[in-house]
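Welcome, and please open your viewer. We will walk through the model one selection at a time.

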Amino acid sequence: MSLLSLDTVTASYGATQALFGVGFDVAEGEVVALMGRNGMGKTTTVKAICGMVRAGGSLMFDGMPLAGRPSHRIARLGIGLVPEGRRVFRDLSVEENLRAAARPGDWTLQRLADLFPRLGERRGQRAASLSGGEQQMLAIGRALMTNPRLLILDEATEGLAPIVRQEIWAALTGLKRDGGLTILIVDKGLRELARVADRAVILERGRDVWTGDFDALSPEIAVRHLGV
Ligand code: ATP
């Protein structure tokens with residue numbers, strides 16, 4: 001059974017409709033890349049799943065409907081979101097940020113420090129004093145500390161220095177290999193996604209236009225739907 005299942009999902013911002021019918025499934029243990037050019041509806045799809053924008057159609061998580069649930073309840077069902085733009089509590093320390101997010105499960109401060117050694121080294125430091133890349137690691141760490149069944153990453157490596165991007169991709173590759181975590185990932189890095197993604201879903205103007213194994217995403221499809 002799919003852990004996450006979307007069918008003909010629609011969503012609007014006031015009078016502006018952003019999603020016109022998005023459908024895809026994410027199976028337990030799978031890494032799915034949600035792709036598309038700018039403004040095609042990726043973030044809105046993530047917001048619809050997380051209860052941050054009102055959505056129509058069917059959104060199911062582990063057999064339960066998500067529609068109408070407030071976002072904190074959706075988080076408690078086991079969906080950990082790393083939102084666009086690295087949201088962390090700037091005035092709290094690294095450790096305080098992580099402890100504030102923690103829920104029971106396999107993820108602990110120690111396991112996180114193994115994944116991102118920089119966070120372990122900076123445990124007592126204020127989040128505001130971290131580099132952008134370290135803040136992004138902390139944002140990922142906060143989501144992992146909730147011990148989610150589904151991790152959603154929205155542009156997790158956008159705007160970061162290449163070296164830090166590599167560290168984050170290496171961590172995600174490790175999560176897939178060792179943890180068997182189910183991940184929905186929005187990113188534009190085709191080459192990096194190829195290392196972790198099992199499947200891809202491509203959105204165009206608020207609709208899913210291509211779904212398939214990541215390996216089947218040919219250069220022709222990338223040119224046609226992603227413009228790369
Ligand atoms: P990007 O890669 O640029 O982040 P995206 O694929 O994530 O793009 P969305 O952010 O989901 O796209 O945007 C989908 C559509 O909804 C776009 O036309 C966008 O202009 C519109 N939109 C997004 N947020 C809002 C908002 N708060 N108010 C009104 N329209 C919005």
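**Before you click.** This is a predicted model, in which local features need pLDDT of at least 70, side-chain atom pairs count only at pLDDT 80 or more, and totals for chains, interfaces and linings use all residues. Residues are numbered from 1 along each chain as its sequence is written, and side-chain values use heavy atoms, with hydrogens and water left out.

**Stop 1: the ligand.** Select the ligand and the 13 residues around it, of which G39, G41, K42, T43 and T44 come nearest. A residue counts as near if one of its heavy atoms lies within 4 Å of the molecule. Now colour helix α1 (residues 42-49), which gives the largest share of this shell, three residues. Helices here are DSSP runs (H or I, at least four residues), and strands are runs of E with at least two, numbered from the N terminus. Next, show the backbone of T43: one of its N or O atoms lies 2.8 Å from an oxygen atom of the ligand. The protein covers 62% of the 630 Å² of accessible area that the ligand has on its own (Shrake-Rupley method, 1.4 Å probe).

**Stop 2: D187.** Find the loop between β8 (182-186) and α8 (190-196), and select D187 there. Is D187 buried or exposed? D187 is buried, yet has no salt bridge; R165, the nearest side chain of opposite charge, is 4.9 Å away. Buried means under 20% relative accessible area, exposed over 50%, and partly exposed in between (1.4 Å probe, protein chains only). Lys and Arg count as positive, Asp and Glu as negative, while His and the chain ends are not counted. A salt bridge is a side-chain nitrogen of Lys or Arg within 4 Å of a carboxyl oxygen of Asp or Glu.

**Stop 3: salt bridges.** The whole structure has 14 salt bridges. Select R165 and E192, whose side chains meet in one of them (3.2 Å, N to O). R165 lies in helix α7 (residues 162-179) and E192 in helix α8, so the pair ties together parts 27 residues apart in sequence. Finally, select D62 and R149, which form a salt bridge with their closest N and O atoms 2.6 Å apart.

Key:
Polar contact = N/O pair within 3.5 Å; in protein donor to acceptor, adjacent residues only side chain to side chain.
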